[in-house]
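Student: I would like to go through this structure with you, one question at a time. Where shall we begin?

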Amino acid sequence: MTDKKFTQTRARGQKPAGRQGTAAAPRGAEPGGAAAPARSPENEGLFGWPWPLHRTVSGLYTWRRPKWQLPKVPSPFPQPPEWPVGPPPIHPSGAPSEEAAELASDEAAAIRLPILPVLHEKEEIRLDVDGRYPQMTASGTRYVGLGGQAHWVAGLASVGWRTWAGAIWYRDGGLAFPYTNVAIRALGSWWGPPGNLLATFSGGGAPTMTHTYTYTSRHFHPVEFEFDTVENTEAVTTYDTGSHPNRPETLPVENLSIEQVYDRAGFRVTRSGGDGTVPLQGAGANGTWSDAEMHDAMQTYWSRFADRAQWSLWVLFAARHDIGTGLGGIMFDDIGPNHRQGTAIFNDSFISQAPAGEANADAWVRRMRFWTACHEMGHAFNLAHSWQKSRGTPWITLADDPEARSFMNYPYGVDGGQTSFFADFAFRFSDPELLFMRHAPARFVQMGNADWFDHHGFRQARVSPEPKLRLEVRTNRERPQFAFLEPVVLELKLTNVSPHPLLVDGNLLAATDRMTVILKREGRPARQWTPYARYNLEAEPTALAPGRSLYAPLRVAAGINGWDLAEPGNYTVQLACHVNGEDLVSNPLALRVSAPAAYEEERVARDLFSEDVGRILAFGGSRFLTAGNEILDDAVERLPKSRVAIHARLALAEPDTCAYKSLELGEGRREMTSAAADAGRIRIRTADVKKARAAMDAALLERPAEAAETLGHVGYKQRVDRYAAWLTEQGERGAAAKCGDLARKTLSKRGVPAWVFEGPAGSEARASVA
Amino acid sequence: MKQLTIDLQDGFEDDTVVIEVDGREVYRKAHVRTRQQIGLADTVVAEVAGPRPRVEVRLLERRLALKLEPALESVAFLGVSLGRDGRLESRESAEPFGYL
């Protein structure tokens, strides 16, 4: 039976015209082992049954704008209502209900404006709600023109028969994609071939968008493998799961292949047909393989080798690495421009040494070799070890899982060792790993694309499908572009998006130890920003009414890891924190740091990006880091009109605003003793009011709009309030009032609402209307 | 003389590492970095005389130090990692560690 509107292109059970069978039997199949079964993935349904018994709807769906169709904009006329949450009426034929047809017709109702140029537009949705290891997730990518792209990920819950809905918790890409929610209905009958999808995107202040997506594949991505074997070495690419008695009772007994492992992870696996033998002489005189030798072999013997990203992976079965028997396998390809294209398994290592007393040594060894192959290949998909998820360059707040029963965990690393591991191992990847492999932006997963260990963890945040709070990171400027040398200050905004008042910690956004901030320069690994200091602030319960927000500046220019936003280029900043029992993940903010505009900037840059200067700017000034102060003085002198001079003047002025006490001790290294015994003394340096005022006026008042933009609105208001209070203490009430007036006018012109200026001088803007 | 193998495992990121055994420096290297795909940065094999050598591992830039006295009759392999909490931690084994 077919849908009225969405006609199937072929009769039930018929192979798609023009398609060839894929996955030819490998030439290098091990002796006595089963060759990889020839399959036509497109007609294989659940449990391997062919259509018409295909029951799952998960897979890849595609929408394309017809080539010469103009982009549409939503109609200003009343639209059909969105479908209600609940079982939709089902036509006996399985055709979409009148309701669905009506909803789909909003495309026709839309006005088509002659927006030029006409752009190629395509969208994909990966629906993951049934089949093997469903993640209750949908992800999608929107392609516009030659390079515009937006990727989104949403958690889904069933809201009706073959209908799911959820919040979009992740967005990536330069193309705008404002939607915050998606609702998806699978069309077609439950017992026939997969029908199409109806997806409606809403929220984010944008008009609702509905598209109909055509079923494309039950897999989420393609991937191709090539298995090469060093002469006199065996390749283990299959394993009889019933051959060793230590296994879960529920584990199906089958001759499991590597291809099946990755097929179940959601990939349409094919073989290159180029499997072959690699001569041992490639390992050099010592007969063991170095990383460089494996790289050379990959370039020579891999039939698909290319200096580009591709869904293709080379696997070498060899005897031993230079490191010795302690290395059982490695994803060696972590150099050069295209990582993660090659892996190797070493049979003559500890993976082939069954434990003493093992009664089924042969099965144990074969299982370990098979497991190692799947493990190393998992690294090529940019998966890290289970206990490393929080290390290196996590994209989102992560949790290590050292007890995971996954291909990516060491069997001997769990409690109870490998016996305990395999007793509970289902020959699969963990749910977070599957979520990453299936739904992360393709470039994070695809071989040869994002660098190794970049975005590997992707997500283990427990993001609620109905979040009560929204976390945003933004800049207070028209375009998120920073001048060279300009310390990057961003603004954080936490909004109550629920219909009820919420009690939150008013100091939350200032407590940087409770958030994970990730900075990533385009083409480089992401890094976690670590501030110079963490503040243990007393919680300040604050009632946040619906629609109201908290704000705070975030100074991410420098930290313990150095200056991660110093070099010219494109960056992405994203952060996450845990609030009121749920993980909040901000939008990814794309920003740009400009190239130097003058020679003087390059000259200042040689010294500016030091730890001392970073600390001085982070802490708002220092009397003691004299070398750093000299560098900031130099920056002000050489570049008086620059943005960095504003920050430098404020940092240099702050210590002059008040008396400083310092403990001065003798020079040289002495054994610990009392300050008195060391002729130590307390020296009081008085405030230099005139100098401080000159610097503060220059920084905050001479070019106030520029100061507000570079310090951020909240940061600028904080500084001005503090300065005004200081002027009042010095008896300069008139100057303090002028200072406040100027700041008010400056921020008003920049769209900051009037209520921000209510309250005593020196108070911070906290709650606001979103 | 016995041998003690010390593996620098997870968490090293461009660190300068110094290892002393019984007061004798056996290892000093800058830019030590963990290869994440195998969880190993470097390996040191030290000759030790007594049954309980005094081992000290220091990370200079981070100003971290770890002191251990493994019992050689049962420990021949020492794994040192920098934990997520910023502290050095160790594992002891009679058998070599395996890396994948």
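Student: In the hairpin of β2(B) and β3(B), which residue takes a positive phi?
Tutor: This is a predicted model, so every value here is computed from it. The hairpin of β2(B) and β3(B) has two residues between the strands. The residue with a positive phi, near 50°, is Asp22(B).

Student: Over how many bridges do β2(B) and β3(B) pair?
Tutor: Strand β2 of chain B covers residues 15–21. It pairs with β3(B) in the antiparallel sense. The number of bridges is six.

Student: Which residue in β3(B) is the bridge partner of Val18(B)?
Tutor: Take Val17(B) to begin with: its bridge partner in β3(B) is Lys29(B). For Val18(B), the bridge partner in β3(B) is Arg28(B).

Student: In what order do the four strands of the open sheet in chain B run?
Tutor: The pairing in this sheet is antiparallel. Neighbouring strands are turned by 10° against each other on average, direction ignored. The order is β3-β2-β5-β6.

Student: Which strands of that sheet stand at the edges?
Tutor: An edge strand here has a single partner strand, so one side of it is left without a neighbour in the sheet. That holds for residues 24–32 and for residues 64–68 of chain B. The edge strands are β3(B) and β6(B).

Student: How many of the nine residues of β3(B) are buried?
Tutor: Burial needs 20 or more other C-beta atoms within 10 Å. β3(B) lies largely in the open, because the number of its residues that count as buried is zero.

Student: What share of the residues of chain B count as buried?
Tutor: Chain B has 100 residues. Among its contacts with a separation of 6 or more, residues 24 or more positions apart account for 51%. The share that counts as buried is 32%.

Student: Where in chain B is confidence lowest among the strands named, and where is it highest?
Tutor: Chain B averages a pLDDT of 92, and 100% of the residues score at least 70. The lowest mean, 93, belongs to strand β8(B), residues 88–93. The highest, at 96, is in residues 55–59, strand β5(B).

Student: How many residues of chain A are in contact with chain B?
Tutor: On the chain B side, 12 residues take part. By class they are five nonpolar, five polar and two charged. The model scores ipTM 0.90 and pTM 0.62. On the chain A side, the number in contact is 22.

Student: How many helices and strands does chain A have?
Tutor: Chain A runs to 770 residues, and 44% count as buried. Of its contacts between residues at least 6 apart in sequence, 67% join residues at least 24 apart. Its elements are 16 helices and 33 strands.

Student: Why do the buried residues of α9(A) lie on the same side?
Tutor: The buried residues of this helix, 599–608, are Glu601(A), Val604(A) and Leu608(A). On the other side, Tyr599(A) and Arg606(A) are exposed. What covers the buried residues includes α10 and α11 of chain A.

Student: Is Phe177(A) buried or exposed?
Tutor: Phe177(A) is found in the loop between β8 and β9 of chain A. Among the residues it touches are Arg142(A), Ala150(A) and Arg171(A). It has 20 other C-beta atoms within 10 Å, so Phe177(A) is buried.

Student: What distance separates the C-alpha atoms of Phe177(A) and Trp152(A)?
Tutor: Phe177(A) touches Trp152(A) too. The two are 25 residues apart along the chain. Their C-alpha atoms are separated by 8.2 Å.

How values were computed. Residues numbered from 1 in each chain as written. Chains lettered and ligands numbered in written order. Predicted model: local features only at pLDDT ≥ 70, side-chain atom pairs only at ≥ 80, totals over all residues. Contact = placed C-beta atoms within 7 Å. Nonpolar A, V, L, I, M, F, W, Y, C, P; charged D, E, K, R; others polar. pLDDT = per-residue confidence, 0-100. Buried ≥ 20, exposed ≤ 12 C-beta atoms within 10 Å, placed from the backbone. Pairing = 2+ DSSP bridges. Axes fitted to C-alpha atoms, helices over the stretch in contact; angles between N-to-C directions. Lists of a residue's contacts leave out its neighbours within four places in sequence.
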